[in-house]
Amino acid sequence: MATLHTRSAARLMIAPSVLLLLAWMIVPLALTIYFSFLRYNLLMPGMEEFAGFSNYSYFLTDPAFFQAIFNTLAIVLGVLFITVIGGIALALLLDQPMFGQGIVRILVIAPFLIMPTVAALVWKNMFMNPVNGLFAWVAKLFGLQPFDFLANAPLLSVILIVAWQWLPFATLILLTALQSLDEEQKEAAQMDGAGAWSRFIYLVLPHLSRAITVVILIQTIFLLSVFAEILVTTNGGPGTQSTNLTFLVYAQALLQFDVGGASAGGIIAVILANIVAFFLMRMIGKTLEA
Amino acid sequence: MGSITLSKVSKVFGAHAVIPSIDLDINNGEFVVFVGPSGCGKSTLLRLIAGLEDVSDGDIVIDGKNATELPPAQRGLSMVFQSYALYPHMSVRSNIAFPLKMAGEDKAVIDKKVADAARVLNLTDYLDRKPRQLSGGQRQRVAIGRAIVRQPKAFLFDEPLSNLDAALRVNMRLEISQLHQDLKTTMIYVTHDQVEAMTMADKIVVLNRGRIEQVGSPLELYHKPDNLFVAGFIGSPRMNFVNGAAAAAHQAHTMGIRPEHLALSKDSGAWQGTVGVAEHLGSDTFLHVNVDGIGTVTARVSGDFAVTHGDRVFLTPDPQRVHRFDDKGLAIR
């Protein structure tokens, strides 16, 4: 890109893809905004009429809405907590030289390769099922009453399933970061009299901070829109106990056939995601700059 | 205070004996340099003394106490690494304070010791910077600062100057020598650069393939090398080795003569040859001469010696300075 000529040529070349991407984003967004101002019910086709902000006011005053916001945050924060802490622990373990390292690493990555619906079904039917599940069997082994996870702790169950799926991702990113830690720095800390715990606090953790930031950033983006795991396991219930914002929008549109209300919910979700992104970037921008 | 004794120390990696067996005494306050070609085991030996590697056999005695099984931190040694190994997210101040903090020292004591070290090393203005904001030489000084605040029994240097440019290397060499004069603490210094070894050491340990070839003061090694390896390794440009008839004339299997001990003449001399390359440095002239019947010989003359490629010259070895070696490569004295 040395000369003015090559620069303008480059811009010309890039233009089509930029325009395509712009249209790709703008058209669905504009349509959603348009629908959100209509009284648009799938059971009454052809009866659409302008509804002003009433879709928004219905959606925002729906008690399920606040439950959904809380659940969304609980899923994001809960999964982040488990995956970051668990990821660091697993990465530290996998970084140790051991027999069969290659196979163990593949095993650890495996959950990430399983699609969400399948993973959720496996958990639902093979682990958490109160009759046939592995956990129930273990409970009965100790003479305890099996615990019906999906009925009694639906949100926690969803968080556990999603955390299980994202743990490999966190582990992988943190493991590569861990391996890039300079060996001589560790030895210098050893010479300086730092024990294993001090080395972890003063050397490893600061070194990992950037990788942890990346894990938090990427996972938050995906965790805000967890859907398949909820649909397959609890269907948002019992009641709305495990309904997050994504699932609420789905329920509004395809279970209650209220496209207008769902569109309003979608726009609200976009706005909330942007607020989260804003704070996230501010918080995280500092770490990435350093 | 800081005497270190190695007895029958060996290190084996798998089936490969990096260090077969080494005995070595290092006296308190000495500046000892381990020198040798890469892969000779000098860094491994240093890491064994530091405790970063376990010895396979033998004992390491530091200050009269057997330290073979002690962890690195309890041996009372400090180490300066080739990559400096500064903690990148900590300021210079925290870097230097780290060993004291780990030792659980008082905040006030730490501040005072850090300030002292910074003054000695000219780092006072940089205490609040991060390592990446410093130049190579400054980073090196921070690493040394981190080593001296602990007031160790001995300092270990692992090729500390190899990441610096030539001019800075000469400066830091002087500074480390100066530091040794001031602190009078035992220092063990690993390098592959024989110039560093010659200029800094009280005692040089020449290593080759995990074995000690010779131990002695720089001038001892220069004047009385025990064997071909030491003779060829110490001195720059390296010693010329001549086999055959010319060596037999001196009752040796191999004769060695340093470039600076060859007298050059354009008229007459013992050996006659053609100049291959002439390197004119101003203060010295290095000539690579193809001597008839002997091969390429390097000669060094002070000042100018006006010859160029293709000229005929005569060389005469100084008979007092000829080194004689037997067929096993050992010196004949």
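This is a predicted model: local features need pLDDT of at least 70, side-chain atom pairs count only at pLDDT 80 or more; totals for chains, interfaces and linings use all residues.
Which residue in S12(B) is the bridge partner of Asn243(B)? Residues are numbered from 1 along each chain as its sequence is written, while chains are lettered from A and ligands numbered from 1 in the order in which they are written.

**View 1. An open sheet in chain B.** Four strands line up here in the order S11-S12-S18-S19, with antiparallel pairing. (Strands are DSSP runs of E, at least two residues, and helices are runs of H or I, at least four residues, numbered from the N terminus; two strands pair if DSSP finds at least two bridges between them.) At the edges sit S11 (240–243) and S19 (331–332) of chain B, each pairing on one side only. S11(B) is joined to S12 (254–257) of chain B by 4 bridges, and the partner of Asn243(B) is Thr254(B).

**View 2. Helix H9 of chain A and its neighbours.** Buried residues of H9(A) (183–191) include Gln185(A), Ala188(A) and Met191(A); buried means that 20 or more other C-beta atoms, placed from the backbone, lie within 10 Å of a residue's own. The buried residues of H9(A) pack against H10 (196–223) of chain A, and also against H1 (42–50) and S6 (77–80) of chain B. Just after H9(A), look for Gly193(A), with a positive phi of about 90 degrees.

**View 3. Two domains of chain B.** Domain 1 spans 4–231 and domain 2 spans 241–332, with bounds from an automatic or database domain assignment. Their centres, taken over C-alpha atoms, are 38 Å apart. The contact (C-beta atoms within 7 Å) takes 5 residues from domain 1 and 8 residues from domain 2.

Conventions:
A residue is buried if 20 or more other C-beta atoms lie within 10 Å of its own, exposed if 12 or fewer, and partly exposed in between; C-beta atoms are placed from the backbone. Two residues are in contact if their C-beta atoms, placed from the backbone, lie within 7 Å.
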